[in-house]
Amino acid sequence: MKADTVRGYQQRQRAQAADANTERILEAGAEMFAGRSIDQITLAAVAERAGVGVQTVIRRVGTKDGLIRAVGAWLAPQIEATRGAPTTSDPAAVAARIAQQYERWGTVTDRAIRERDTSPALAEVADAGRRSHRDWTATAFATDLDRLPPARRHDLLGRLTAVCGVELWLVLRRDQGLSVAAAQAAVADLIAACLAAAVSPAASPAGSTDGAGAAPAATF
């Protein structure tokens, strides 16, 4: 009985050590993806940053594409938790959640999008992130979207998805030098403008036939 207890304890210790190694590897991979191009990252460099051997990295993730997929799966719930559930369509509240998300995860998200064509695994991660973002936006603004006919709903969702996207956030913060508060206010203003224009009499998208004699789309 004592020997079984000792073996059980040793197995738990080994499992805990393996889990800790995996966590360090994923954290190191995420940090490196945020800071350098994918072609500059090697499993050896990740191993060194994580404080483990290269063979340990290989056992955990296999290849660089395996590392990318593992890091993407590890980051996804953290990004979702930072952004929060889509429980409001209030422009200021949505902009605040976007600010919180992109200030923490904007760099790594942007890199995945910009370098998606360099790796099949990175393309999978970037595309999954885009789908998640669109779904979150659709849920947040479901009440506003559901009252519209299909063509206008599609148009509004596309605009809201773009306005709430990381690309615009980084233009405001990096390129234009806006503070977090100013960028957040700009996004809130754009969301409000999209919502208001969508229900205006001239809001049908160009080419839409939502109603007889519908006016051309308003620009917003």
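**Exercise 1.** Which element gives the largest share of the lining of the largest pocket?

*Solution.* Before starting, note that this is a predicted model, where local features need pLDDT of at least 70, side-chain atom pairs count only at pLDDT 80 or more, and totals for chains, interfaces and linings use all residues. Residues are numbered from 1 along each chain as its sequence is written, and side-chain values use heavy atoms, without hydrogens and water.

Step 1: learn the terms. On a 1 Å grid over the protein atoms alone, a pocket is an open set of points where a 1.4 Å probe fits, with protein on both sides within 12 Å along at least five of seven lines; lining residues have an atom within 4 Å of a point. Helices are DSSP runs (H or I, at least four residues), numbered from the N terminus.

Step 2: look at the lining. It holds 32 residues, and Ile-79, Thr-109, Val-125, Ala-126 and Gly-129 lie nearest the centre of the largest pocket. Elements giving two or more residues are α4 (64–83), α5 (91–114), α6 (120–140), α8 (150–163) and α9 (166–175).

Step 3: pick the main contributor. α6 provides the largest share, nine residues.

**Exercise 2.** Find the element that gives the most to the lining of the second largest pocket.

*Solution.* Step 1: find the centre. Of 18 lining residues, those nearest the centre are Ala-34, Arg-104, Trp-105, Thr-107 and Val-108.

Step 1: α1 (2–35), α4, α5 and α9 each supply at least two lining residues.
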